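Visitor: I'd like to go through this one with you. Can we start with how the helices pack, then move on to the chains?

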Number of protein chains: 2
Amino acid sequence: MSVSQGPPALNVMPAASMAAAGGDTPRRPVERIVSGGIVVTMDPQRRVIADGAVAIDAGRIVAVDSRERVEVAFQATERIEAGGRTVIPGLINGHAHLPMTLFRGLADDQNLDDWLQHTIFPAEAMNVDEAFVRCGTRLGVAELIRGGITTVCDMYYYEDAVAEELAAAGLRGLLGQALIDFPAPDAPDHSAAMAAIHRFVERWAGHALITPAIAPHAPYTVADPHLIEARRFADDRNCPLVIHLAETRHEVEESLRLKGRRPVEHLASLGLLSELMVAAHVVWAEAHELDLLREHGVGVVHNPQSNMKLASGVAPLPAMLARDLAVGLGTDGSASNNDLSLWEEIDTAAKLHKLISADPRVVSAQEAFEMATIRGARALHLEERIGSLEVGKRADLVVLEMNELDQMPLSSIYSALVYATKASDVCDVLVEGRPLLQGRRLLSLDAEAIQSESLTLRRQVIERLALAA
Amino acid sequence: MSVSQGPPALNVMPAASMAAAGGDTPRRPVERIVSGGIVVTMDPQRRVIADGAVAIDAGRIVAVDSRERVEVAFQATERIEAGGRTVIPGLINGHAHLPMTLFRGLADDQNLDDWLQHTIFPAEAMNVDEAFVRCGTRLGVAELIRGGITTVCDMYYYEDAVAEELAAAGLRGLLGQALIDFPAPDAPDHSAAMAAIHRFVERWAGHALITPAIAPHAPYTVADPHLIEARRFADDRNCPLVIHLAETRHEVEESLRLKGRRPVEHLASLGLLSELMVAAHVVWAEAHELDLLREHGVGVVHNPQSNMKLASGVAPLPAMLARDLAVGLGTDGSASNNDLSLWEEIDTAAKLHKLISADPRVVSAQEAFEMATIRGARALHLEERIGSLEVGKRADLVVLEMNELDQMPLSSIYSALVYATKASDVCDVLVEGRPLLQGRRLLSLDAEAIQSESLTLRRQVIERLALAA
């Protein structure tokens, strides 16, 4: 896989198609053509083009068609030869906490309370500052790009620094600055938190890559008046509202005890549900609550591996899909998963719900792959821009190796993508038409510098936790 | 990672240790030293050596110690520099059907009956011959080696050809020639099947890499007299008996209906349970049945991803571990998983049972990794030979990349191995002291030839199925 400069070699264009195009019709110049290979569009017809091509200009897709037709109509400045490979829309990771990548493996196999109270919260209090957030974000972004993820929905502190790092690396993000009712690393109180959110959303509104959002942490960590304030803010700015929702059984029990309503019911009663909301987890929701989410156009993000590892439960995914809910997939943070590979989430989602439903026909490979692409775009309310290879959409796409021995022989393309493809099969990644990975090499990030700074901060985390113990 | 010829460079051995060794004490010559890196021994003390080394001679491990002490005591003809990497015992895949790798993705997301009756059985009847078995085995073995698996327990038809392919590729196998009460591709009836088993076990008994076994398919496909005959055969030859057991709820219901006993109870009543048995799946077993398996020393192989994808159910793993049952991990065949990565099984086993038990402390990372190594060796009754890095055991080991961005930062070694390491992190693989993978390159197999022959056979499978439809 290589990106070559200059005009396309004529020998990739059969003479017959030259004639069909009239021969003397000038070809439209474009920045780039990704040429050859199986093109999995995820468009409304779910077209899969056996020998396809994608033409890209000014960050947008200008053609998705057979290689022959694209090569006849367009002339590219740069090319990616994808013959023998597979071209897909970039994957969408709907829920992450990128700076927490520095906490990977810090504490595993503990119950959620021990994990949060005795490790994660102290580690955050002692370590999380802007430099930490920048380093953890770079480390996480490198893993995302190498794994074929082109859009991430993140929520954390110092999200302005997260946004700067994503923009510099060229990754697309829906980024939520946190709102939480206890002193946060970047905001001592509620008014400081709201001020930071104001500045953050103001600064990034309209950016090509970054969609800023307000991120009230969860119904159980943000008081009702502050939740209502967050909804008003989101409405005023027309920005998304990202939240953790109905993740654990304990959350439901406490919500019933304190408010007399289950978490989704409670947010509905506060008037919080809307087409601007992205709700992570939604493990503990009953049929009428799924109906509420559907009616209000809420996007939902399913995190199967995190929910398994923390023993949170199983989200009612088949019931969500039956309602055509906008549900995507997420990895959650690396402190609770412990990686950012969406390929494993796709594979796990397809398998887990077969098991839980006792029906191997549930969540087909195609449905699972949709959640990582076009349905995941709907979950983030970004389906006008991303999630499929269609003319006019942003040029976010991934070229995959498909001839590795562990993928052969290729049968159904969705089966191969869901059950046999790994992050390590990702060769090339483009976001907004810009190449971020080329022949498995990171172009916009310095891998060695990230390794070195991560190790330094890692030592700091361990030393400070040891001192405090 | 490179294997250099000649004596070790002196600069890897600190002067202090030279003095400690007396300086003039001659070092014992050995074939190979794997030097440096974190050595995860899985020995009875579960030693993890921060800067360790393994000395190897005549296919056996002759030392596992700090790098300094090994370098002082031994002089190697060949070396593998593992500094900055991690050295582990080779992984043990306790249940596979390697030739079925050619059926990868042939049919997914169907119920088990449709899948078996309408796709797998017809596909086998129309395609499985010795050439098919050889090609599928080579394809599967390539994936196993690339993924750090050094021992596989396989059961299929033409197992003699499977054994020849494994021996040629240098992989260790516990291989069961199938016994089933319907005409098989390699045996028209029961006496032909038993004759093939006789020849197979006779031929491979005592082989350094291959442990031959008899493999009655399952209690529901082999009549009771034939099961008893298989047990007598195994006893006479002191060879393992490999079987599918209690995989689905349907199997339990039919066993109760036809025999008045559950599958494990039924085998116990026939006198089949013994220290020679390796039972795959054991999803549907109650406490008293687990006690029976433990009392009789039966090895059990858990296949979490296959059981999820086929909606078979969840094996009672925590109850097995509580009884210290010899339970390992398997991928099952690529027709039902759809890969041969044991890394994903380890990760899934650790996460799945947390979810099912609603307790994130269940199946710790270390317990999960034990199932892929030393406990998996016990499941195959091979713990005297493999499963840990200990003096006297066979030199089956794997060198892993541990500095990839998606593994950083390294915290607990077991956490990193279980939750963040992938098949693509495997750099070097040795079996019986012989390097099979070096710098991610296959040494004993021709990857291009395997690709090409797999594609040819793939076309044949599809064409024959289409013709029959």
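**Helix packing and chain contact**

Guide: Helix H4 (residues 130-146) of chain A packs against helix H17 (residues 447-468) of chain A at an angle of about 130 degrees, with the axes 10 Å apart. This is a predicted model: local features need pLDDT of at least 70, side-chain atom pairs count only at pLDDT 80 or more, and totals for chains, interfaces and linings use all residues. Residues are numbered from 1 along each chain as its sequence is written, and chains are lettered from A and ligands numbered from 1 in the order in which they are written.

Visitor: Which residues of H4(A) and H17(A) make the contact?

Guide: From H4(A), A:Phe132, A:Cys135, A:Arg138, A:Leu139 and A:Ala142; from H17(A), A:Ala447, A:Ile450, A:Glu453, A:Ser454 and A:Leu457. Contact means C-beta atoms, placed from the backbone, within 7 Å.

Visitor: How do those residues divide into nonpolar, polar and charged?

Guide: They divide into 7 nonpolar, 1 polar and 2 charged. Ala, Val, Leu, Ile, Met, Phe, Trp, Tyr, Cys and Pro count as nonpolar, Asp, Glu, Lys and Arg as charged, and the others, Gly among them, as polar.

Visitor: Now the chains. How many residues of chain B are in contact with chain A?

Guide: 51 residues of chain B are in contact with 50 residues of chain A. H17(B) gives the largest share of the chain B side, 6 residues.

Visitor: What rotation superposes chain B on chain A?

Guide: One of 180 degrees, with 0.0 Å of shift along its axis and an RMSD of 0.0 Å, fitted by least squares on C-alpha atoms of residues with pLDDT of at least 70 in both copies. The two copies are thus related as by a two-fold rotation axis.

Conventions: Contact = placed C-beta atoms within 7 Å. Helix = DSSP H or I, 4+ residues; strand = E, 2+ residues; numbered from the N terminus. Axes fitted to C-alpha atoms, helices over the stretch in contact; angles between N-to-C directions.
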